[in-house]
Amino acid sequence: MQEDDTTRKKGIARWPLVITLIIVLLVVGGYYAYQKYIAENRWKPLLQAELKELVLKTTDSLYHIEYSDFDLNITSGNATLTDFKLIPDTAVYNKLVALKKAPDNLFTLSVKKLSINNLGAVKAYKEKILNISSIIIENPSLTVVNKRLKFNDTVKVGKPKNPYELIKNTFRQLHIDSISLKDISLNYINKSNPVEKHTALKHLDINISDVVIDSLSDKDTSRFYYTKGVNVTIKDYKIATPDSLYKAAIKQIYFSTSKRLIYLDGVSFLPRYNKTDFYLKTHEAAGDIYTLKFNRIAINDIDLQEFLRDQILYAGTMDIANASVQIYSNNVYKGVKSIKIGKDPEQSLQNVALDMQLKRINIKNTLISYAESDAKSGYTGVITFNHTNATILNVTNDDDIKKVNPYMIARINTRFMNAANLNVNFKFNLNSKAGAFNYSGTLGKFDGRIMDKLVRPLTLVHVQSADIQKLHFNVDASNYSGKGQLEFYYKNLNVQLLKKVEGKVQLQTQGLISKLANTLIIENENPDKKGIFRPGPIDVKRGPRVSFFSFLYKALLDGLKPSVGFDKKTEGKVNKAVVKVNKLVGEFKAFKANRQLKKEKRQQTREAKKEAKMQKDSTKNK
């Protein structure tokens, strides 16, 4: 699969150069034919044959060209080519395949109109230097068919001719100030796999500046494929994920070789269905639903030569601003969850086919929210991280880089529930097969009642009061477990235990049990009045189907319980006490119900006796 992706990247990366070479052939051929036949005023009827011969010769007869008209004005230096087509010959291609000389990519190109402005014919004739002010190509449509041929990996096919070798017999230099390709349609067909795949791009613009082709230009390291710069703009790019559950859209992609950057504007990654239908489409398999929106993603300082030569993406920084990341989970659906082992963020990075390194990712003013619907309560708990800023260092899957520095570091500062400052640091071991990582952080002072949005639906606990002073945590974790320490400083903690009662919309309070919990179990401050501090040890196993984000807060919850006096030993006692209390409450309710029943029976007996007496008296009177 990786080889197919590489082939695709090479084909797409080189096709702007293919178009440039075609333009060069047309200009050179047209000028040559004009000079050869202008004296007899018969150049135009013979131009098509001359150009066809040139294209056939330079492509080993694999391609031929067609066009409806080619108009060249030697005085103004302007030329126009109409309805141009570059067409591959499939019979020749099949012969080349048999001879093990065929390329992996076939191109089909059609251009509605091609305009050449200010062609310097006099200088071209006298000094063999062809200068062109601009070339404008309108509505080009390019189809690239890729079929990976094994012999191209093993057969030495020789070095292809460079553009200078194609023109040196006619010109010693070609210079074009600008080439503009407007509203391109690109269709990429991958036939390298058993199942044929199509990728289409529309509304693509390419601007190429300062093209120079001479004996030295291919050695000029400041140039990108003989140019000073190529700017590519793609508008309204849309694609569905392979599982058809999500749709990705980008309003505009801008790529500049001279500035060495890529801008992605208006990026979104959205589920294609509402929450209910999403789970039905996945056969009710419980899992996370992602909704991602990014105002702009900018990648700067890209090593383009490395990328095009070896398909390795080395870049300096990625900047993300004003983004929204929403994660939703619903444990109502009891379908089998997918295995999460090996799928944490840093592990997913290692599985990306493209070798890459981003030295730094900067995230600014981003909203992150996690929502989980609970089957027991019927409600949804929400936790938010507002105004999130982060720096992530050494984002890579390159083995050589990981040998030198195997750690990816993330430093995050945010507003927890928009109520308190939270600083979190992650340290991921990129070489760990078990997905080892550490996360630590500090949460500042806030009113604990804000936690009700999370704990009420998911733990059936209502926070009546809590003055949170500080929370600090440090956890060593992996795909399988989490172990560490939590320090929770608070005062005035008072909670109310809830339960879901069938037929009732609202959660119902457990008054007696809540009083017992607050009086006998839960400590209302830490440290206590004697100054004794209760630490919160974390030692939790991670199930194979627990997601990364769910595991993070569940591990912290494991440390919160002993911090408030609800350690595992106490939890066991509480569960037994709750059973006993519920039994007593049940017995008391049964006693009350039985007493009421007896009272009603006595009343019925009295009423019956009274009625019988009245009937007897009535009979005597008669």
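In helix H13, the buried residues (under 20% relative accessible area, where over 50% is exposed and in between is partly exposed, with a 1.4 Å probe and protein chains only) are Phe548, Ser550, Phe551, Leu552, Ala555, Leu556, Asp558, Gly559, Pro562 and Ser563. This is a predicted model, in which local features need pLDDT of at least 70 and side-chain atom pairs count only at pLDDT 80 or more, while totals for chains, interfaces and linings use all residues. Residues are numbered from 1 along each chain as its sequence is written, and side-chain values use heavy atoms, with hydrogens and water left out.

**Chain overall**
- The chain contains 14 helices and 23 strands (DSSP runs numbered from the N terminus: helices are H or I of at least four residues, strands are E of at least two).
- Of the 622 residues in the chain, 42% are buried.
- Among contacts (heavy atoms within 4.5 Å) with a separation of 6 or more, 64% join residues 24 or more positions apart.

**Helix H13**
- H13 spans residues 548–563, 16 residues in total, and reaches 24 Å from its first C-alpha to its last, close to the 22 Å expected (1.5 Å times one less than the number of residues).
- After H13 comes Gly565, which has a positive phi near 90 degrees.

**Tyr328**
- Tyr328 lies in strand E13, residues 312–330.
- Tyr328 is buried, as its relative accessible area is 11%.
- Beyond its neighbours within four places in sequence, Tyr328 contacts Lys275, Tyr279, Gly287, Asp288, Ile289, Ala371, Ser373 and Thr380.
- Ile289 is 39 residues from Tyr328 in sequence, yet their C-alpha atoms are 5.0 Å apart.
- The Tyr328 side chain makes polar contacts (N or O atoms within 3.5 Å; within protein, one able to donate a hydrogen and the other to accept it, with residues adjacent in sequence counting only if both atoms are side-chain atoms) with the side chain of Asn330 at 2.9 Å and with that of Ser373 at 2.8 Å.

**Surface patch**
- Ile339, Ile341 and Tyr480 make up a nonpolar surface patch with about 250 Å² of accessible area together (residues with over 30% relative accessible area and no salt bridge; nonpolar side chains, namely Val, Leu, Ile, Met, Phe, Trp and Tyr, are joined within 5 Å, and like charges within 9 Å; a salt bridge is a side-chain nitrogen of Lys or Arg within 4 Å of a carboxyl oxygen of Asp or Glu).
- Tyr480 sits in the loop between strand E20 (461–477) and strand E21 (481–499).
- With a relative accessible area of 42%, Tyr480 is partly exposed.

Technical notes. Accessible areas come from the Shrake-Rupley method with a 1.4 Å probe; for residues, only the protein chains shown count as cover.
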